[in-house]
Amino acid sequence: MKTSQRSAIQSFIVMDVMEEVARQEAQGRDIIHMQVGQPGSPAPATARHAAAAALEKDNLGYTVALGRPQLRQRIADYYRDVYNVDVSADRIVVTTGSSAGFVLSFLALFDVGDRVALPAPGYPCYRHILSTLGQKVEQIETGPVNRWMPTVEALERLHKTSPLRGLILASPANPTGTVLPPRRLAEIMSFCQANDIQFISDEIYHGLTYEGPATSAATMSEQAIVINSFSKYFSMTGWRIGWLVVPETMTPVIERLAQNLYISPSTISQVAALGAFDGLQELEANRDNYAQNRERLIAAFKTLGLGNHAPPDGGFYFYVDVRHLTDDSRVFARQMLDEAGVAVTPGVDFDERDGARFIRFCYAATKQDIDEAIRRLQSWDRLKAG
Ligand SMILES: Cc1ncc(COP(=O)(O)O)c(C=O)c1O
């Protein structure tokens, strides 16, 4: 069958790794999951109870496309509570995970051929979605010298060559876990504002920081697009629910797109998401667990020769330089899976240029799993030899 050229995008490699892990597990292998960026914990009990109650008494039909007003208001309140900023509920759009937030905001903002910048390494689906939609992706190389975040100088150079229409940044970032200091975020945002570049802030790892809180772009400008989700801090990946904060004039534009593309976000997930706001204590306990996992891994990686990694300020990832062990992170990750029973993601998912020398570990698992992963790596011959 003839398929469209635009559908010829690369796969999201971590999902391929997930499939291989599932195949091996079906054959009885015991594998520690450090590949996918998702909490080992379920949704908070308050979310699950709210969903269970709704199953009994609610018909769970469609909602309005922007999401239930009560949930939009609760998200707006969250900005006041956490960031001390007033965000009107009219600017909140509930989405089918942040993934749908990308599609909606890219469609609302960019035309075919528009140039959109993003950092490399970075979350692969940004570039895949953009290229499917016909935008031109401009990658800004980052590394240890700039704390794995784009600089204004690099942006300026790119913009001079040919004007940019947008910039997407995640802080804390995936795969590095690095957080952009508030001053650098402000500099980048004001460069964007001055040059008519739409700034899109992916704040999906907010709430998961270990060296001080991350700054929301919503506190700096009402023109920034903020993308967030219940997947990570709220521990609700499979519920597929997230949100956008958009300039008020954009709400009706997104609303029309959402009506046509998705009708409305999942109703049961909206109920659960509202309930999740009553479970913050449980979520903070999850965060404390990640913080402890992070400490244990920092220490273990040092002794395993894996100590050369990006500063893990937030999120739940280590992006580890393994160039002394391999020049093909895909093969190396496969060996780690097959021989040590620890699943990780090869850096090529996040960086086409240098990713062959990096692997990403996710540490959102239980303490027991992390300890077991460390034991397995300590007795893995390839690390002993390296
Ligand atoms: C940086 C980043 N943004 C967005 C997503 C997508 O999350 P979701 O669609 O579950 O909200 C992920 C998932 O790993 C991510 O790492």
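**Ligand and cavities**

Analyst: Starting with the ligand, one of its oxygen atoms lies 2.6 Å from a side-chain N or O atom of Ser-229. Keep in mind that this is a predicted model.

User: Which other serine side chains have an N or O atom at 2.5 Å or 2.6 Å from a ligand oxygen?
Analyst: Ser-99 has a side-chain N or O atom 2.5 Å from a ligand oxygen, and for Ser-231 the distance is 2.6 Å. The protein covers 93% of the 400 Å² of accessible area that the ligand has on its own.

User: How many residues surround the ligand?
Analyst: There are 14, and the closest are Ser-99, Asp-202, Tyr-205, Ser-229 and Ser-231. By class, the shell has five nonpolar, six polar and three charged residues.

User: Which helix gives the most to that shell?
Analyst: Helix 4 does, with four residues.

User: And where does the ligand sit?
Analyst: In the largest pocket.

User: Switching to cavities, how many are there of 30 Å³ or more?
Analyst: Four. The largest holds about 80 Å³ of space, and its lining includes Trp-148, Met-149 and Leu-169.

User: What classes of residue line the largest cavity?
Analyst: Nine nonpolar, three polar and no charged residues.

User: What about the second largest cavity?
Analyst: That one has about 50 Å³ of space. Among the residues lining the second largest cavity are Val-94, Thr-95, Ala-100 and Leu-104. Strand 2 (92–95) and helix 4 (97–109) are the elements that give two or more residues to this lining. Its classes are seven nonpolar, three polar and no charged.

Note on methods:
Residues numbered from 1 in each chain as written. Predicted model: local features only at pLDDT ≥ 70, side-chain atom pairs only at ≥ 80, totals over all residues. Heavy atoms only, no water. 1 Å grid on protein atoms, 1.4 Å probe; cavity = no way out; pocket = protein on both sides within 12 Å on 5 of 7 lines; lining within 4 Å. Points joined across faces, edges and corners; volume = space filled by probe spheres on them. Nonpolar A, V, L, I, M, F, W, Y, C, P; charged D, E, K, R; others polar. Near = heavy atom within 4 Å. Polar contact = N/O pair within 3.5 Å; in protein donor to acceptor, adjacent residues only side chain to side chain. Areas by Shrake-Rupley, 256 points an atom, 1.4 Å probe, with all protein chains shown as cover. Sits in = over half its atoms within 2 Å of the grid points.
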